[in-house]
Amino acid sequence: MKKHTISKMMIHLLLLAGVVIVAFPFVWMILSSFKSLPDFFRFSFFPEKFDFSAYRFIFKETEFFTWYWNSLVVAVIVTITNLVFCSLIGYTLAKFHFSGRKMIFLLILSTMMIPTEMLVIPWFVMSSAFGWVDTYWGIMFPGIMEAFGVFLMRQFMSGIPDDLLDAARIDGMGEFKIWWRIAMPQVKPALSALGILTFLGNWNAYLWPVIVTATSEMRTLPVGISLYGTSDSSGIMWNTIMGMSTLAVVPMIIVFLFFQRKIVEGISLSGVKG
């Protein structure tokens, strides 16, 4: 009994240490956003005096809310399209038997091995040719449907009993209705995991948005924040960067607080399906 209590205490201490290590940078970022710029370079953990000048500058002197809105639009639309298209393709690959099905699935998976850095040049050439530079569509089109989403949904769709779908067909339901009314409710954990991961990935995306956007009005939040990481006559505005970063993580915290159980369940189950 004593050994069990000691081992339990050790586990809790390790977990507590992990929480401190993970939470420390976020707490430091939040506290640093309330420092004046001279106070920031004193490298103290707590501000000597809570200063709201960084937030006043963000709200009055920057286009922060425009960038925030752009990121929100891109992340929400790309998340919805991934949920729809990836689940449709996953359902097709899992439940329809046709020539070349496995080859198509392997080709989709092979695209996951191509680094994004190798794709930005053809993406930009295509965007320029079609007039998509500095538009919402130009930012969104590379992520409208992703191979990981197809893989995840195909794995989960494979676990749906064929008898259940056959019974729906006997009742006269069309394939699209079967996908929507029968298959989709069966894979809610996977949909939740895919939705969360897609939203966070696009909310934090930097490389492609910084290449395809040309005006301040179309910048996303990570691109806008990066503008204040370059030195000018007044130096790097670290407290402003910390303030913007603090506001930027709010949607991610909300998403994790509401859907953390679903994302953990979806990721864990995806490793044992199929």
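## Exercises: a cavity, a pocket and some rings

The lining of the largest cavity splits into 2 nonpolar, no polar and 3 charged residues. Here Ala, Val, Leu, Ile, Met, Phe, Trp, Tyr, Cys and Pro count as nonpolar, Asp, Glu, Lys and Arg as charged, and the others, Gly among them, as polar. This is a predicted model, where local features need pLDDT of at least 70, side-chain atom pairs need 80 or more, and totals for chains, interfaces and linings use all residues. Numbering runs from 1 along each chain as its sequence is written, and side-chain values use heavy atoms, with hydrogens and water left out.

**Exercise 1.** Find which residues line the largest cavity.

*Solution.* 
- Start with the term: on a 1 Å grid over the protein atoms alone, a cavity is a set of points where a 1.4 Å probe fits but cannot get out, while a pocket is an open set with protein on both sides within 12 Å along at least five of seven lines; lining residues have an atom within 4 Å of a point.
- The lining is Leu 93, Arg 101, Lys 102, Phe 105 and Arg 154.
- Helix 5 (residues 101-110) gives the largest share, 3 residues. Helices are DSSP runs (H or I, at least four residues), numbered from the N terminus.
- The cavity's volume is about 30 Å³, a volume being the space filled by probe spheres set on the points, with grid points joined across faces, edges and corners.

**Exercise 2.** Describe the lining of the largest pocket by class and by helix.

*Solution.* 
- The pocket has a volume of about 810 Å³.
- Of its 32 lining residues, Thr 116, Trp 123, Pro 142, Gly 143 and Glu 146 lie nearest the centre.
- By class, that's 23 nonpolar, 8 polar and 1 charged.
- Helix 11 supplies the largest share, 6 residues; among the others giving at least two are helix 4 (64-95) and helix 6 (116-130).

**Exercise 3.** Work out how the rings of Phe 34 and Tyr 55 are paired.

*Solution.* 
- Rings of Phe, Tyr and Trp (its six-membered ring) pair if their centres lie within 6.5 Å; planes under 30 degrees apart are stacked, over 60 edge-to-face, the rest tilted.
- The structure holds 21 such aromatic pairs.
- Phe 34 and Tyr 55 sit 5.2 Å centre to centre with 40° between the planes, so the pair is tilted.
- Phe 34 is in the loop between helix 1 (2-32) and helix 2 (37-40), and Tyr 55 is in helix 3, 21 residues apart.
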